[in-house]
Amino acid sequence: MMASSYNAKEEDGHHSGPSSHGGAGAVKSKKPDNTAFKQQRLPAWQPILTAGTVLPAFFVIGLIFIPIGIGLYVTSNNIKEFEIDYTGVDVSSPCFSCAKNYSWDSTTSCTCSVNFTLEQPFESNVFMYYGLSNFYQNHRRYVKSRDDSQLNGDRSALTNPSKECEPYRTSEGQPIAPCGAIANSLFNDTLVLYHVDSNGTKISIPLAKKGIAWWTDKHVKFRNPGGNDNLTIAFQGTNKPVNWRKPVFELDPDDRDNNGFINEDFIVWMRTAALPTFRKLYRIIHKKSSSTPTLASGRYILDITYNYPVLSFDGRKRMILSTISWMGGKNPFLGIAYITVGSICFFLGVVLLIIHHKYDSRNSSADIPN
Amino acid sequence: MTTRNAGTHGSVGPNDEVMPYSDDETDDELDVSTDEEEEPSGEVGWKVKANDRAYHHLPEFDKKVFLCFKKSRYSGNVIKTYKYNVFTFLPLNLYEQFKRVANIYFLALLILQCIPAITTLPWYTTLIPLVVVLGVTAVKDLVDDLARHRMDKEINNRKCEVLLDGRFQESKWRHIEVGDVIRLKKNDFIPVRGHVVDMLLLSSSNPNSLLLLYFFIKKAKTNASEVGSNAWYLYDGREDSTSYRGFLSFWGYLIVLNTMVPISLYVSVEVIRLGQSKFINWDLQMYYAEKDTPAKARTTTLNEQLGQIEYIFSDKTGTLTQNIMQFKKCTIAGHSYGNRPSSDPHSSPLLSSKPVDWSWNRDADKKFQFMDNSLVACLRSKKDKEAMDFFRLLSLCHTVMVESELVYQAASPDEGALVTAARNFGFVFLSRTQDTITIREMEQEKTYEMLALLDFNSDRKRMSIILKFPDGRIRLYCKGADTVIYQRLSPNSKHRESTQSALDKFANETLRTLCLCYKDISSSEYEAWSRKHMDAQVTMVNREAALDQVYEMIEKNLMLIGATAIEDKLQEGVPETIAKLAKADIKIWVLTGDKKETAENIGFSCSLLTEDMHLHYGEDPPTESRGKKKPAEPFFPEPGKNALIITGGWLVSWGGQGFFQIDFVDMACECESVICCRVTPKQKANVVSLVKKYKKAVTLSIGDGANDVNMIKTADIGVGISGQEGMQAVMSSDFAFAQFRYLQRLLLVHGRWSYIRMCKFLRFFFFKNFAFTLVHFWYSFFSGYSAQVAYEDWFITLYNLFYSSLPVLLVGLLDQDVNDRLSLKFPKLYLPGQQGLLFNYKNFFISLFHGIFVSLIIFFIPYGAFLQTMGQDGEAPSDYQSFAVVTASSLIFTVNLQISLDTSYWTFVNCFAVLGSIAIYFGIMFDLHSAGIHVIFPRHFTFTGQNRKRYELEMQQEARKRAPAFQRGLRSRRSGYAFSHSRGFAELIASGRSIRRRPLSRIGHHSSIREVSERAENI
């Protein structure tokens, strides 16, 4: 109802009494302006929540949310996902010795292999993730420990990184590139996937390492100092992060354009996770043809170059394979949340409807004279 | 035109204690002599010579200021109410602002944020709001001060006449010096220093929220066993102990959680209060057209208290009544005159049915009406000596001034009415000098020598004049309140009983009465008294008391002549207003100087007292003291409404004693209405402070005269009626308007709205900031208690400024649950305010829990959704940026939806604000996510959005500006980021430089900026 119908009040009638002010017009009247705003009667809609308006709202919310939830839930269930923990906590697990004998300084890398079986074929593109648990990438001191100017290719920041990077700002008298704790703790396990066919031969599965980072990260936020040519010269005078084996311009020996700050594995790592348990995209397995599945069901071998220690802080490492639908990856939570909220609304609607019918004995609109 | 030279008497300036006649009117417009402007400093004697400027420039009046610089001890008359000048504004204003606890708090916070070890939020999250607040306040102060400068200039440049070189010369006020003799005209403004009142706005803070804040921090601290002394990736090179880290973390959380009580709360509260005050000023229905007086809120901090008033203390004269006095009746020598025909069946209808015809008297005031012709006949016959004396007294015993021929200037309306009455009955007051009074007595001009004037004050309640008649007799005329006069009557005085009964009758008719009497004095007796009088006048200590004593000696053995009865009409709408306020459970106390009967009858006529009330009188105090009673036991056990009528004397003797104060207050508060009669200004204030002290209720005083100033200042809220009397009441009040009846609108409409709006505002404000801030708290469980914030820094900075403040501010300014007519029609709607139902601990905790609930949902639903999710393009969007943007966006939607539900008065402005807030949020998000801003400030804007199209567009525009040689290899990839804002190519198409339509799928591998820009060039 529009409560804009304002009955002109007594005062509105007579404009400043003619007798009261002698000098007609000479003395400015102090009479306040008769405007809707100043008299606090702006036209307004005064909604009143009644059973008639609230109850349908409950039902409508319920009826919208429940189907959405069911849709999300079904879609999520149709997504194929495979997850395997290769941390090596258990003595029986293949990476146990690697996990135990780890040292940053070791020159030879430790490798281990994990066998697994896919029960069902994975159609369309398959995405390969690594997952870390109990890793506080969202810790305040960790999150700040980076220099975005340096990562953006700023030459002065390259040689003089931000103080936020301490204590990973300089090493051996030279500035670290990329500086800071995030870069220093770059995930450096190497995962290789093999399919074991019916003959028992290992067939290497091609893993695409490009296209895993945000497009703007790759092209805007992260840039090499002085362009992409001759990174060795560009990074001259800087040192590698203390935990790294190779300098930043040699991260990808296979692809010259995937080195320096624009290395996609590096970019993915630098986009810090919100929660202590997280996944990061590692590789993409592109679909080859429409007739064969990307990953057929069967036995697989995951070869791991075990470099990354997590046991010291009780962390876990996982490898995840997943397909993607229109709603993204497998995540039953959203569907359940929608169904729950929808059901609660619907249920409340029913309860309130019953209460309304049972106790609404009075005439709903009490006469309020205006 | 009256001139009164200074120095004739040491007359006193306006004084709260002065209280002429049965009620309590003072007038300051004439009584001020202005040569003593400055109190002397120190114990040095006070030497002032009138009209001698050179004298005051003598070195002895200089005081040393600094080394050899000397300054006159008497400062000039330049008024300086302004606070700042060009140079002092910045430092002084900042100093003033930082005197406020809130600002200091935020400054301390800012300093904390600058400490690198502690800081959890960047410094600008506090600095920007603080600067805005300080800036806005400074601008406000500046505007105020400019107005003061203007006002000072105007006052200082006012013209006045100063006696210089033997004649009055026009001068400006600021050039007046100590000792100058000046001439004032009627209605001249007197800017005596020290009489200008400044108001300073102060804002209150709510301690609850701060307490809560600390509670939460404490809790956070106890939980904060940070992760990671063994997490190698968190190693920061410092060997700090765990407790030290916890300490740093504590301060970090203090900074993060400060957003619960942000600066914008203080600003918003001030804005809302200012708005409510403006609405009061603008209200047409509180504008009094006859005097062109709009209502005026003089302080802005009390509006919401207007909605919580429980006790109103009202003056009577000029507040409930019009303060326009009319001489209605009198009793002379036991015979009453002026009764209306209906009430006096004995008088002949011819004589009394119509008003007296004044044509026989050329000096008569034609507006004056009197209903009894017999009195005129009696006077014209000149037989009735006592009637002659009656009116002679009225024309002689007063302090009225003659302004011009037959135009009087009276200190109180009563005196004016009496002198005018005497004039109409043939005793015309013509002029007075310092020691003579000339009257025309039945066409015969006579001059009386005035030997002494025994002035009025509120304790004496009478005034006398000693006159030497032309025939040499010496006579004292006295008029005053009946109680004091009757005590001093001679045993020989006649007509005591008949006059007393007439007085009672007058009082029943709500008339104001005065007794008149005389005393013949022999010259020897006078001589003896006169010497004592002279002695008393020159007493240095306690002159007032000494004079009173001397007066007392001569004012005895008086002979009663009769009594006058003056009518003071009620103001328009008073009974209706009082009835309405009573329905709103507001208890109304009338404090008046009138006698009991008058007050009681006024009480009935303005529906303060009703027939169904049980009246109790203060003269018979309860036999036993309350001390023995149980506190729960009521004083008036009988059911039904009670009313109490007490006198000032009783207050002093019984109620005033410390032991019984609480009893008095308890008893009085059991009554629907209370009338205190014959109270002095000080007693009025005492009553108010008693109720304030024992009832802890919000009190309001309303009055119009200087005698109400104490009371107005004592009460929580003072209301001044800008009426007949001077401006003191208005100057010391918080709200001022012209008519008593506007009080109902002030309380029931403006007060109620202000209270409801402020409560709604506070409740919502706390809710929205709890919902906002506690997300950090939940997040801390998942970030190793590291005080990592859950949102982006810029969002935190701007949340309270742009994203959520405007809709709630508008609710605080404009919301109406019911309109003004309904508020007035149903006074019971006022009750929630009195009981403080809308904002109290309970409501606060409801807001708190509401906030906690919402913050839980805002945190944990995204938490569930992000825990193991992947985007449509396979990337894992569980990164901090995505999470922060999702929670922030949900928060903005939730908070703005919630205020939409809470708004009960939807104007287009509200609609605009709600939609605008959301739009601004997305607009700013959009800009913060643009690539350009990150490239320029890589360290401050790290939330670059994942939107390739937008980036390409930016680059195209860039390329079009630059030379087309710009080249960069681009790889196309479909953008799927949920919060990106892709902008189409509408701009390009519209500009006529359309490029080939880009396929939506990922085909455009080879498109490059160069290609695009070249095409654009070709067209």
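Select B:Val402 and B:Tyr408: B:Val402 stands opposite B:Tyr408 in β11(B). Their strands are β10 (401-404) and β11 (407-409) of chain B, antiparallel and joined by 3 bridges. Strands here are DSSP runs of E with at least two residues, helices are runs of H or I with at least four, and both are numbered from the N terminus. Two strands count as paired if DSSP finds at least two bridges between them. Now pick B:Leu406. In this hairpin, with 2 residues between the strands, B:Leu406 takes a positive phi near 65°.

Before moving on, some ground rules: this is a predicted model, where local features need pLDDT of at least 70 and side-chain atom pairs count only at pLDDT 80 or more, while totals for chains, interfaces and linings use all residues. Residues are numbered from 1 along each chain as its sequence is written, chains are lettered from A and ligands numbered from 1 in the order written, and side-chain values use heavy atoms, without hydrogens or water.

**The sheet in chain B**

Show the open sheet of 9 strands in chain B. Its order is β6-β25-β24-β23-β7-β19-β22-β21-β20, with mixed pairing. The edges are β6 (296-297) and β20 (614-617) of chain B, each pairing on one side only. Inside the sheet, select 587-591 and 673-677 of chain B. These are β19 and β22, parallel and joined by 4 bridges. B:Leu591 stands opposite B:Cys676 in β22(B).

**A strand residue in chain A**

Go to A:Asp303, in strand β9 (298-306) of chain A. Its side chain makes a polar contact of 2.5 Å with that of A:Ser113. Beyond four places in sequence, the contacts of A:Asp303 include A:Thr190, A:Tyr194 and A:Lys202. Contact means heavy atoms within 4.5 Å.

**Two annotated spans**

Residues 48-74 of chain A are 89% helix and 0% strand, with end C-alpha atoms 39 Å apart. Residues 333-355 of chain A are 100% helix and 0% strand, and the end C-alpha atoms lie 32 Å apart.

**Where the chains meet**

Show both chains. The contact takes 93 residues from chain A and 92 from chain B. Together they bury about 8,000 Å², 58% of it on carbon and sulfur atoms. (Buried area is the accessible area, with a 1.4 Å probe, that two parts lose on being put together, summed over both.) In chain A, select A:Gln40, A:Arg140 and A:Trp215: they lose the most area to chain B, together 11% of what that side buries.

How many salt bridges are counted between chain A and chain B? The count is 1. Select B:Asp879 and A:Arg271, whose side chains meet at 2.7 Å, N to O. (A salt bridge is a side-chain nitrogen of Lys or Arg within 4 Å of a carboxyl oxygen of Asp or Glu.) Polar contacts between the chains come to 18 residue pairs, both residues at pLDDT 80 or more.

Conventions
Polar contact = N/O pair within 3.5 Å; in protein donor to acceptor, adjacent residues only side chain to side chain.
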